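The stops below go sheet by sheet, then on to a helix pair and the domains.

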Amino acid sequence: MENFDEQFSITKTVEFIQKNKSTRVILQLPPKLLQFSSKIEKHLKKALKNDKISFFILAGASTRHCCVDTVSSARVFGDLIVHYGHSCLSSTAQIPILNIFIPTKISIQNIISAFETEFSTQKTKQMILFYSTEVENSISGLYLQLNKTFPNLKRTFLNLPKNEKEKVKKLEQKQEKEQELEKEKAKEEEKEQQQQQEKENLKIFGRVLPITDITQLSKNQLIWLGSSTNPTLFSLALTFGAENFLVLDPEKEYLEFEKMERMQPMRRILMKRYALIEKAKKSENIGIVVGTTNPKKDLQIVKYLQLLIKNSKKKSQVISMGVVKSLKLGNFVHDLDLFVVIGCNESLILDQSDYYRPVLVPDELDLALNHDREWDGTINLNFYPNHDMIANLEKKLKQSFDLILIEQQNQKQIENLIISRSETRSFKGLETRLGENKVTKIEEGLSGRASQYQDEIDLN
Amino acid sequence: MSKYSLEKILELMNHPSNIRNISVIAHVDHGKTTLTDSMVSKAGIISTKLAGEKRVMDTRKDEQLRCITIKSTAISLYYELDEQSLPQDSDGNSFLINLIDSPGHVDFSSEVTAALRVSDGALVVVDCVSGAFVQTETVLNQALSERVKPVLMINKVDRAILELQLEPEEIYQQFVKVIESINVIISSYEDEYLGDIIIGPTKSNVAFGAGKQGWSFTLNQFAEMYAKKWNMPKEKILKRLWGDNFWDPKRKKWVKTKKDKEGNVLERGFCKYVIGPICQLFKLVNQKEKNEKALNKLLNGIGVKLTNEEREEESKELLVTIMKKFLPAADALIEMIIYHLPSPKVAQRYRVQNLYAGDQNDECAQAIANCDPDGPVMMYVSKMIPTKKKGRFYAFGRVFSGTIKSGQKVTILGQNYSAEFPKKDRFITKVQNTVLMMGNKIEPLIKCCCGNMIGLVGVDDYLVKTGTITTHENAYPFKQMSFTVSPVVRIAIKPKKIQNLPKLIEGMQKLEKADSCVKCLIDEKSGEYIIAGAGELHLEICLKDLKDDYCKGIEIISSDPVVSFSETVTQESSQVCLAKSANNHNRLFVKAYPLEEGIINTIEKVNKDQKIYSTNNFLNTLTTKYSWDKKFVKKIWAFGPEQTGPNLLIDTTKGIQYLNEIKSACSAGFQSFTGVGVLCNEPVRGVKIEIKDVKLHADSIHRGENQVIPMAINSFYASELTAKPRLMEPIFLCEISVPKYISGQVYNLLNQKRGIVLSEIPKEGSNLVIIKSDLPIIESFGFNADLRSATQGKAFEQCVFDHWEVVEEDPLKEGTRANKWMKETRVRKGLEPVPFPLEHYHDKL
């Protein structure tokens with residue numbers, strides 16, 4: 001029992017719920033953890049001893065599992081979300097959120113010796129330590145020890161939602177008192193360090209980096225501590241270049257650093273992605289698929305992409321869609337040649353075999369259509385256009401506007417055509433055909449499930 | 001010798017009746033480029049001394065190094081003839097020959113195709129010792145189908161005399177054989193517009209000579225010489241100099257039999273008066289010390305004067321000097337070209353039907369037929385030639401009508417333009433410059449009149465490889481060229497530094513533009529960047545071009561060459577295959593069947609020739625020749641892949657509601673299925689899918705494309721898996737010429753390489769045999785080197801893609817070769833090594 005409580009941080013959750021005085025708690029679990037949902041609820045209820053608090057379990061999310069599903073929770077008027085499992089940490093929702101990471105067991109001693117073997121001759125090397133959410137619980141202690149041997153090893157911090165941190169702070173402090181003096185001091189230091197880092201430092205991929213400028217990154221050896229199949233690592237590697245990453249997977253039996261490029265066919269992936277970018281250059285009608293629940297940020301990107309597409313004399317259409325799935329995009333196959341998905345920073349769709357049209361991320365479309373850019377071999381999954389970029393495009397568009405007035409008119413007509421076509425396509429419910437069918441006696445129809453009706457027999 | 005003068009060329013360009021546009025075509029190593037040298041030297045561009053060695057028309061470094069022509073090169077040559085006997089419709093005594101030297105290696109056949117399109121005549125060169133080869137036949141066939149008139153040059157006669165030490169009569173027999181073999185091909189083309197094109201020495205459209213030594217002759221020249229000497233009419237002598245005409249010295253009379261009444265062997269006219277004296281000369285020069293007197297007498301007789309310096313030359317050099325003076329190669333060739341090949345004015349009248357896609361009576365067609373310099377501009381761009389400036393191209397082609405000027409506004413109709421979609425691939429732009437191609441140099445022009453070959457500057461951005469350039473608003477494009485080689489060998493390339501990928505793609509696009517037979521593909525499914533070409537040599541050259549030119553400064557990693565496979569089925573599906581849509585509301589029941597080889601070929605032929613599929617014709621063939629049910633023939637839904645491939649989707653259901661609504665979705669699924677088969681994502685070939693039954697949801701929203709397409713693909717994959725799927729491998733037709741005594745080595749090697757010998761034909765007049773065989777392309781990599789080492793370099797091979805052959809082994813059974821290939825292909829594409837089992841695609845009810 002204790003183990004279970006620890007694994008799902010029941011005490012921490014209870015405290016968090018109580019601090020926020022929440023009455024409608026949403027539990028969001030990925031499919032892998034859904035089996036534990038009722039048990040978690042039971043344990044929480046038992047610990048809270050408050051009948052007024054009701055729990056809702058989100059069995060299917062309207063977003064990717066790494067994102068916090070504020071839409072679904074709003075449907076049941078939830079006032080607090082507990083998100084379990086791996087998170088992309090990209091939510092900026094106003095509602096209190098608690099991220100519960102399911103910790104993996106790691107051996108600090110083994111990790112340290114792995115570090116010592118790998119960097120035995122380069123103890124003063126500039127390094128930045130990234131880690132997966134699963135090792136968040138033990139990272140502080142580990143870093144403290146590592147830092148003794150490797151003075152230039154800097155760590156990143158998880159950029160957890162604000163509302164949570166403030167409230168948990170006190171809790172943590174209380175816990176600290178019970179601990180040894182030295183450790184307390186260290187924690188204090190760490191906190192100071194973190195706070196300082198947060199003020200001016202770079203925040204990216206749900207992490208606070210120990211640097212202020214992205215260009216400083218290349219001077220450091222980047223280290224990933226966590227599973228080598230973690231999607232965050234994949235996004236980081238695409239954005240910062242896989243060749244800069246060394247990976248240490250603590251779950252492996254024998255701990256050893258591996259080069260990121262060796263472990264994943266990153267080259268092949270990039271070549272595949274660039275093939276899609278090439279295709280984007282030739283496509284005419286582009287669908288901008290909005291797949292997150294982060295409207296403020298998204299609108300800016302949508303605006304930029306629309307301008308970019310217009311500037312390239314192509315047509316765009318905005319589609320809002322929770323989780324991006326091939327079946328959903330399949331509805332637009334006839335009208336659009338290409339989709340660009342605005343989602344969290346882990347929303348790059350790698351296996352496109354089920355999609356009939358290329359599905360890109362905004363940065364890839366920018367690479368394809370923005371002639372000022374030169375490819376450096378990375379794909380920025382944290383692509384975010386600033387105001388200058390938008391203003392620049394608007395200026396360009398204005399300049400060319402006078403020259404191609406007639407062309408624009410043609411384009412408008414085509415745009416209208418797309419719109420009218422899609423209008424006829426919208427769902428109007430089942431066909432009623434009132435008065436069109438002859439009046440007949442009731443016949444017995446199909447019964448059973450659609451996958452196999454009762455009267456169906458196998459043809460073979 | 002006339003001096004090279006640009007002004008004269010420019011002036012002549014305005015007189016189409018004094019222009020000849022010709023291509024030099026032949027098998028590899030039969031001496032085209034060397035022969036061309038003599039003509040270039042005659043025009044005053046290089047010195048006589050260098051002719052035969054310089055290879056002016058091989059403008060690239062690698063061409064010079066390998067002594068092989070890779071790209072065709074054009075040059076304009078100016079000649080003056082004697083005033084006395086000019087061709088009928090000529091206009092003055094000066095002539096312009098626009099000549100294209102084409103490559104002979106089969107891997108570069110597409111260059112020949114492009115060259116012939118803009119030529120009216122072809123100079124066919126054949127090595128007199130080895131005779132006509134496959135490639136000779138291929139290029140000659142191409143020429144005739146383009147309505148290009150041939151003349152023949154029998155080359156390397158020096159080899160017959162010096163190397164093989166043949167007697168005059170044997171040489172004569174050798175010549176007869178070569179001429180006959182060419183005439184066999186020509187006579188199979190009966191074309192009323194081309195008229196009588198059978199060749200023969202008495203017609204003076206055959207020349208004999210040795211390009212390397214710089215000499216050649218036609219019988220006409222000898223006849224003229226003897227006519228002067230004997231004071232007899234030339235025509236009379238000409239007849240005696242060929243065929244069964246023998247000189248009886250006793251009775252001083254020409255007879256038709258080999259022996260006289262007493263049984264003495266008589267000498268043939270050709271041997272006595274033509275080749276005999278030449279052989280005699282060769283012999284005397286070779287032992288000049290012994291025969292000085294006799295030699296001097298002979299030289300006097302043929303009117304060759306030597307300087308003292310020249311007399312001191314080694315016999316080998318001396319022979320060349322004498323022969324160049326006695327029978328300069330260019331004279332015979334120029335005479336043959338000017339008298340026996342048509343001017344644009346003549347040729348365009350009958351070629352227009354083969355060239356112009358629009359109505360033969362419209363303004364453009366008329367202007368082409370009349371070669372009208374005042375008509376609308378109609379120019380066909382047949383190839384793109386890289387300029388010195390990196391990444392830009394000259395659009396090389398021929399002006400068929402009108403006059404094109406620098407700075408003129410023109411309409412460009414690209415390869416994908418068709419009158420049905422007039423906005424697609426049609427551009428209007430200005431011609432920056434017009435230039436004349438002179439080997440590796442260019443000369444700027446102000447304007448160019450119809451009937452000439454020129455290069456355009458500033459239109460390369462609008463053209464992929466070929467296209468039509470016109471000033472007429474409603475002009476139709478020129479017909480597409482059909483290439484005889486297909487790109488079946490491929491290599492995957494990648495940059496060493498991933499950042500250079502965009503530059504690599506740019507380079508690939510340029511490469512594709514410069515070579516009409518290269519296909520550059522980007523496979524987004526596997527992330528492979530592929531160059532596909534005709535053969536190993538071709539790819540080697542492409543890669544070199546890419547590394548040294550189009551992608552200079554980028555390190556490129558290339559894979560070993562691999563072949564593309566096809567997938568097919570060999571049996572009717574063992575069961576009806578069912579797939580359900582994702583929402584479970586729709587079902588599709590299908591079966592796969594193998595298509596007959598004849599039907600596959602018909603589809604491919606029809607679609608290659610016409611591009612737009614003419615259904616009626618094909619459907620009639622299906623019902624009459626293959627006795628298909630008319631009902632089903634009408635319900636062919638799709639061809640695939642790319643709407644034209646050799647696979648059929650047929651609806652065999654009856655009375656299904658809403659069926660028409662899913663037709664396009666099924667067709668889309670079919671395209672996807674035929675493009676990437678279930679075994680290893682290779683194209684499908686020769687499969688017929690019959691839709692047996694369909695169940696659809698009554699509501700249209702539930703049977704949308706997103707539901708139907710995946711369902712269709714799954715059912716097609718399932719049907720392929722249940723119909724004994726097999727791989728197909730591409731097969732080369734391989735022709736090897738090798739001395740008889742080591743042909744055993746070749747047989748051994750072919751055996752090792754799974755080659756199947758089709759025929760072995762001895763080449764008469766030599767110790768060579770020609771072995772024709774089917775050679776799997778996958779085994780052909782490195783075959784060239786193996787062959788050389790097995791035969792001490794005495795064997796020569798040429799390989800050209802011939803057909804696809806089913807690999808009998810089950811690719812899904814472990815341990816077979818087909819299984820190995822399938823796995824290799826899958827792994828290369830980044831797929832799991834084994835395809836999904838049937839259950840993955842086939843749903844149960």
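## Stop 1: a five-stranded sheet in chain A

In this predicted model, start with the open sheet of five strands in chain A, ordered β6-β5-β10-β11-β12, with mixed pairing. Select residues 153–155 for β6 and 257–259 for β12 of chain A. These two are the edges: each has a single partner strand, so one side of each is left without a neighbour in the sheet. Now look along the sheet. On average, neighbouring strands are turned by 30 degrees against each other, direction ignored.

Next, select β10 (221–225) and β11 (245–248) of chain A. They run parallel and are joined by four bridges. Show Leu225(A), and you will find Leu248(A) of β11(A) opposite.

Select residues 108–118 of chain A for helix α5. α5 lies across β5 (127–131), β6, β10, β11 and β12 of chain A, at about 145 degrees to β11(A).

## Stop 2: a four-stranded sheet in chain A

Stay in chain A. The strand order here is β14-β13-β15-β16, an open sheet with parallel pairing. Which strands form the edges? They are β14 (315–320) and β16 (359–360) of chain A, each pairing on one side only.

Now select residues 362–369 of chain A, helix α14. α14 packs on the sheet and touches β13, β15 and β16 of chain A. Its direction makes about 130 degrees with that of β15(A).

## Stop 3: a strand with two partners in chain B

Switch to chain B and select β31, residues 687–695. Strand β28 (587–594) of chain B runs antiparallel to β31(B), with eight bridges. Strand β30 (647–651) of chain B pairs with β31(B) in the parallel sense, over four bridges. Centre on Ile689(B). Ile689(B) is the bridge partner of Ala592(B), and also of Leu649(B).

## Stop 4: a helix pair in chain B

Select residues 269–286 for α10 and 315–326 for α13 of chain B. How far apart are their axes, and at what angle do the helices pack? The axes are 9 Å apart, and the angle is about 145 degrees. The crossing of α10(B) past α13(B) is right-handed.

From α10(B), show Ile278(B), Leu281(B), Phe282(B), Val285(B) and Asn286(B). They meet Ser315(B), Leu318(B), Leu319(B), Ile322(B), Met323(B) and Phe326(B) of α13(B). By class, this contact has nine nonpolar and two polar residues, with no charged ones.

## Stop 5: domains and confidence

Zoom out and colour chain B by its domain assignment. Among the domains are domain 1 (1–214 + 328–348), domain 2 (219–327) and domain 3 (356–470). The centres of domain 2 and domain 3 of chain B are 50 Å apart, taken over C-alpha atoms.

Finally, colour by pLDDT. Chain B averages 84, and 96% of its residues score at least 70. Confidence in chain B is lowest in helix α19 (597–610), at a mean of 73. It is highest in strand β26 (566–569) of chain B, at 92. For the complex, the predictor gives an ipTM of 0.76 and a pTM of 0.77.

Definitions and conventions: Residues are numbered from 1 along each chain as its sequence is written. Chains are lettered from A and ligands numbered from 1 in the order in which they are written. This is a predicted model: local features need pLDDT of at least 70, side-chain atom pairs count only at pLDDT 80 or more; totals for chains, interfaces and linings use all residues. Side-chain values use heavy atoms; hydrogens and water are left out. pLDDT is the predictor's confidence in each residue, from 0 to 100. Axes are lines fitted to C-alpha atoms, for helices over the stretch in contact, and angles run from 0 to 180 degrees between N-to-C directions. A crossing is left-handed if the near helix is turned anticlockwise from the far one by less than a right angle, and right-handed if clockwise. Contact means heavy atoms within 4.5 Å. Ala, Val, Leu, Ile, Met, Phe, Trp, Tyr, Cys and Pro count as nonpolar, Asp, Glu, Lys and Arg as charged, and the others, Gly among them, as polar. Domain bounds come from an automatic or database domain assignment. Two strands pair if DSSP finds at least two bridges between them.
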